[in-house]
Amino acid sequence: QSPIPNPHFIYFLIIINIIKFLLNFFILFFIFLMIYMSLIYLIFAASFFAIYQITKEPEEIYRTNDKNILEWEKNGNYLENIYKDFKLFYLLKENPNSKFEENLIIIHGFPSSSMDYKDVLKDFSNKFRKILLVDHLGFGLSSKPKKEEYTYSINEQTDILLEAIRRLQINSAHILSHDMGDTISTELLTRQNLGLLPFFFK
């Protein structure tokens, strides 16, 4: 016959098991809490970063630490108040020693920027007196108006390009374009055929 266990010993074992259960429960709870807090932190950090990106100026978003973009901007300049208080980025390459008199205007497409032509620009440098590239308003390093501030129509983009041409005193040029730039070029040609181009440019 088995001896009857000491009741105090049984109580002791029960207490030990309860303590072990509570310890395991609190450990699991602590692990769960840490995971939960980590997720909350990640969500908060992601939300903060998203809000920061939204509130940044669009030009600042485009202007990253990319060396090519920084170098491109360094070689270019801005036309202030090209439309309302917005600015237009442009790059004007001049070769006063060129034996050619012609100028070239390069019109980029959608949704890119004048940097599309970075690698081929040097090939044109000896063939033209001046080479002008611009970032259309809303693209590249130019200002990014909100849709209620600017319609982004081809007519407006053409008007702004002509204003840049006027300010930079280019009175005639060949045109190289692609994609949306072709549409702007077509608008320029249409105005030329209708006699609607400003007197300073042909």
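**Exercise 1. Determine which helix gives the most to the lining of the largest cavity, and describe that lining.**

*Solution.* Step 1: Helix α5 (residues 154-167) gives the most to this lining, with three residues. Helices (H or I, at least four residues) and strands (E, at least two) are DSSP runs numbered from the N terminus. The model is predicted, so that local features need pLDDT of at least 70 and side-chain atom pairs count only at pLDDT 80 or more, while totals for chains, interfaces and linings use all residues. Residues are numbered from 1 along each chain as its sequence is written, and side-chain values use heavy atoms, without hydrogens and water.

Step 1: List the lining, which is made up of Leu88, Val134, His136, Leu137, Gln157, Ile160 and Leu161. On a 1 Å grid over the protein atoms alone, a cavity is a set of points where a 1.4 Å probe fits but cannot get out, a pocket is an open set with protein on both sides within 12 Å along at least five of seven lines, and lining residues have an atom within 4 Å of a point.

Step 2: Sort by class: five are nonpolar, two are polar and none is charged. Here Ala, Val, Leu, Ile, Met, Phe, Trp, Tyr, Cys and Pro count as nonpolar, Asp, Glu, Lys and Arg as charged, and the others, Gly among them, as polar.

**Exercise 2. Describe how strand β2 pairs with β1 and with β4.**

*Solution.* Step 1: Strands β1 (residues 77-83) and β2 (residues 86-94) run antiparallel and are joined by four bridges; two strands pair if DSSP finds at least two bridges between them. Asn77 faces Tyr90 of β2.

Step 1: Two residues lie between the strands of this hairpin, where Lys84 has a positive phi near 55 degrees.

Step 2: With β4 (residues 130-134), β2 forms five bridges, also in the antiparallel sense. Leu91 has Leu133 in β4 as its bridge partner.
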